[in-house]
Amino acid sequence: MGSPRSATPDNMAIRTGESSCPTKGKSEAEDGSGWVITIVFLALLIDLLGFTLILPLLPSILEYYSKNDDGFYLSLQHGVDWFAAVIGVPLERKYNTVLFGGLIGSIFSILQFFFSPLTGAASDCLGRRPIMLLTVVGLIASYALWAISRSFGIFLLSRVLGGISKGNVSLSTAIIADLHSPKARSKGMAMIGVAFSLGFTVGPMIGAYLAMETGKGEVFYLRSALLALMFAVADLIFIFFLLPETLPKEKRVSSMMCGFQAGIDLLSPLALFQFSAVTRGKDSPSRENLQNLKVLGLVYFLYLFLFSGLEYTLSFLTHQRFQFSSMQQGKMFFFIGMTMAVIQGGYTRRIRPGCEIKAVKRAIMLLIPAFLLIGWAGNVTVLSTGLLLYSFAAAIVVPCLSAVVSGYGSASQKGTVMGILRSLGALARALGPILSAAVYWLAGAEVCFTVCAVLFLLPLILLGYIKQQTKEE
């Protein structure tokens, strides 16, 4: 660290205040953080390009198994039909596909909820590099299963294996959290956001193009699956040769059981919200810092819970109210992704350490009119205005909250802390779409989006309880 540190780990919590925006610290060239950020950014971008190839193909994949009278698929379809009937979803193939895709997405998120903290805890003991490589090997196996799948059971197994192995994202944030400089951590979290925006913008376009170019007699998703496999193999080679280890052996937890016991604490949602795993051992944070962590975790959960709900029901709204085709929806999400990438690359990564909470508050205040404009939009112009505000705010909140949380915990706890945060996000993404879809179809789009807008006042109020930190790194 730049300046002398006290003997306790509480000096890690240094950037939650709003009144000052410190700028001191070592240069990135001096401490090598610029190189680490670049490698993490490129590795995550390669990973996300492969991961998102499937997104535009999912409706066609579900239709493919439906037409083949796949028994396992049809049994799950009965459950989706029951849920649709309960909440009053119209009997249209488009809506059915969105609901079924939401079911698969929720399964994926629940798996991340369980395995992200375990992955983080393992990396606190064994180091970031070996666990990162292990998760990529899991993704390679997942894509290989997808490429050879000709039944829905094998396809679902590939998604399950992918969900278990997606801990590489929380590991990326843990690697950034290992960096000494607060400025480098803020920039690193923003660049992770840029990787997500670019990956979720470019990847689906490539996947859709490859599906259109399918040869005669060839399964339409084979090329995308093979390209995803190639991306994962390239990512493995890239990480093996270029990613340095950011957690030295002397800073790791003493035993595997210690790391995993902390991870097991996180399988309970109550323990998750209490950040119980970081209270173990001599490096336990102070009461004030632990309270800050709990508030930040709850804010993160509430934000993603509401955000993922809008993200999911947006497909319903644009199809029902504006009769958007799949191509028009693709253009809409391209607009959102590119806007977020520009904001994250040009603005978010330049937010000074100590100013993140203030930036998050401003962004959440923008989300309230954004949700109202989208929910009550009578024409595409009003919808586009709402989406612009939505994209701007979304480009700021997660990177800034991640940067603040990364300042908490000792060096041997960073993987667990960031695993908790990722796990909270996964839980929010598993629950948000289900509840928002129910409210949307039972009460209407206007009520759904208005309620979400009002509920954004909760994280805004909670952020006021974050106590200002005075210690410096």
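Colleague: Where does threonine 339 sit?

Modeller: Threonine 339 is in helix α14, which covers residues 326–346. Bear in mind that this is a predicted model.

Colleague: What makes threonine 339 buried rather than exposed?

Modeller: The relative accessible area of threonine 339 is 14%. Buried means under 20%, so threonine 339 gets that label.

Colleague: Which residues does threonine 339 touch, not counting those up to four places away in sequence?

Modeller: Leu388 and Ser391.

Colleague: And how do you know that the side chain of threonine 339 has a polar atom close enough to the backbone oxygen of phenylalanine 335 to count as a polar contact?

Modeller: The two atoms lie 2.7 Å apart, and the cut-off for a polar contact is within 3.5 Å.

Colleague: On to helix pairs. Why are α13 and α15 called roughly parallel to each other?

Modeller: The axes of α13 (residues 287–322) and α15 (residues 356–376) cross at roughly 25°. Angles under 35 degrees count as roughly parallel, so α13 and α15 qualify. Their axes come within 12 Å, and α13 passes α15 in a left-handed crossing.

Colleague: Which residues of α13 and α15 meet?

Modeller: From α13, they are Leu296, Tyr303, Leu306, Leu310, Leu314, Leu317 and Arg321. From α15, they are Ile357, Leu367, Phe371, Ile374, Gly375 and Trp376. By class, the contact of α13 with α15 has eleven nonpolar residues, one polar and one charged.

Colleague: Now α4 and α7: why is α4 called roughly perpendicular to α7?

Modeller: Helix α4 (residues 71–87) and helix α7 (residues 152–165) pack at an angle of about 70°, with axes 7 Å apart. The range for roughly perpendicular is 65 to 115 degrees, so α4 and α7 fall under that label. Phe72, Tyr73 and Leu76 of α4 make the contact with Phe152, Gly153 and Leu156 of α7. Five of these residues are nonpolar, one is polar and none is charged.

Colleague: Zooming out, how many helices and strands does the protein chain have?

Modeller: The protein chain has 19 helices and zero strands. Of its 473 residues, 56% are buried.

Colleague: And what share of the contacts with a separation of 6 or more comes from residues 24 or more positions apart?

Modeller: In the protein chain, that share is 83%.

Notes:
Residues numbered from 1 in each chain as written. Predicted model: local features only at pLDDT ≥ 70, side-chain atom pairs only at ≥ 80, totals over all residues. Heavy atoms only, no water. Axes fitted to C-alpha atoms, helices over the stretch in contact; angles between N-to-C directions. Helix = DSSP H or I, 4+ residues; strand = E, 2+ residues; numbered from the N terminus. Parallel < 35°, antiparallel > 145°, perpendicular 65-115°, else oblique. Left-handed = near helix turned anticlockwise from the far one by under 90°. Contact = heavy atoms within 4.5 Å. Nonpolar A, V, L, I, M, F, W, Y, C, P; charged D, E, K, R; others polar. Buried < 20%, exposed > 50% of the residue type's maximum accessible area, 1.4 Å probe, protein only. Polar contact = N/O pair within 3.5 Å; in protein donor to acceptor, adjacent residues only side chain to side chain.
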